[in-house]
Amino acid sequence: MLYKFKSRATADLIMLEPQGRRILQIIGKEPGVPGILSAEQIPAAIAALEAAVAAEEALIAARRQAAQEQQGETSKEQVEPAEEPIRLRQRVAPLIDMLRRSAAEGREVTWSS
């Protein structure tokens, strides 16, 4: 299943079901049903997404720090894994852009699954 986000201010944005569901939950909307974010609701949705990104980044940093301490490494230099999972920051960036552009033009954002 896919989620398709639409706005008259931008091109459509398509997300896979797990990511779309998570994002809708973050902004306080019910996943699985079509919905709408009015221009007035967009700033709160952006704030919720940015807060979720900040929380995830803090959690990742804490986990890295704990792993470093567990290994007994005191060096701040750390070799990053070759493959890192895609973070929430990367997944929500296009949607946040869509929301900002839509708010600037006073347009709503809709989605369907």
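## Close-up views of the predicted model

View 1. Arg21 is partly exposed, with a relative accessible area of 30%, and it lies in helix H1. The structure shown here is a predicted model, and every value in these legends is computed from it. The side chain of Arg21 forms a salt bridge with that of Glu17, and the closest N and O atoms of the two are 2.5 Å apart. Helix H1 covers residues 17-26, and because Glu17 and Arg21 are four residues apart within it, about one helical turn separates them.

View 2. Is Pro31 buried or exposed? Its relative accessibility is 17%, and because buried means under 20%, Pro31 counts as buried.

**View 3. The salt bridge between Asp12 and Lys4.** Asp12 and Lys4 are joined by a salt bridge in which the closest N and O atoms are 3.6 Å apart. Both partners fall in the middle class of accessibility: Asp12 is partly exposed, with a relative accessible area of 42%, and Lys4 also counts as partly exposed, at 32% relative accessibility. For the whole model, the count comes to seven salt bridges.

**View 4. A nonpolar patch on the surface.** Three residues, Leu2, Ile14 and Leu16, form a nonpolar patch on the surface, and together they have about 300 Å² of accessible area. Leu16 has its place in strand S2, which runs over residues 13-16. The relative accessible area of Leu16 is 52%, and since exposed means over 50%, Leu16 counts as exposed.

**View 5. Helices H2 and H3 side by side.** Two packed helices are described by the angle between their axes and the distance between the axes. Here the axes of helix H2 (residues 42-71) and helix H3 (residues 88-105) come within 10 Å and cross at roughly 160°. Angles over 145 degrees count as roughly antiparallel, and H2 and H3 are therefore roughly antiparallel to each other. The crossing of H2 and H3 is left-handed.

View 6. The side chains of Glu57 and Arg89 meet in a salt bridge, with a distance of 3.6 Å from N to O. This pair links distant parts of the chain, for Glu57 lies in helix H2 and Arg89 in helix H3, 32 residues apart. Arg89 is partly exposed, with a relative accessible area of 46%. Which residues are linked in a network of salt bridges? They are Glu57, Arg87 and Arg89.

**View 7. Arg91 in helix H3.** Arg91 has its place in helix H3, and at 32% relative accessibility it counts as partly exposed. Arg91 and Ala52 are 39 residues apart along the chain, and their C-alpha atoms are separated by 12 Å.

Conventions
Residues are numbered from 1 along each chain as its sequence is written. This is a predicted model: local features need pLDDT of at least 70, side-chain atom pairs count only at pLDDT 80 or more; totals for chains, interfaces and linings use all residues. Side-chain values use heavy atoms; hydrogens and water are left out. Patches are made of residues with over 30% relative accessible area and no salt bridge: like charges are joined within 9 Å, nonpolar side chains (Val, Leu, Ile, Met, Phe, Trp, Tyr) within 5 Å. Accessible areas come from the Shrake-Rupley method with a 1.4 Å probe; for residues, only the protein chains shown count as cover. A salt bridge is a side-chain nitrogen of Lys or Arg within 4 Å of a carboxyl oxygen of Asp or Glu. Helices (H or I, at least four residues) and strands (E, at least two) are DSSP runs, numbered from the N terminus. Buried means under 20% relative accessible area, exposed over 50%, partly exposed in between (1.4 Å probe, protein chains only). Axes are lines fitted to C-alpha atoms, for helices over the stretch in contact, and angles run from 0 to 180 degrees between N-to-C directions. Angles under 35 degrees count as roughly parallel, over 145 as roughly antiparallel, 65 to 115 as roughly perpendicular and the rest as oblique. A crossing is left-handed if the near helix is turned anticlockwise from the far one by less than a right angle, and right-handed if clockwise.
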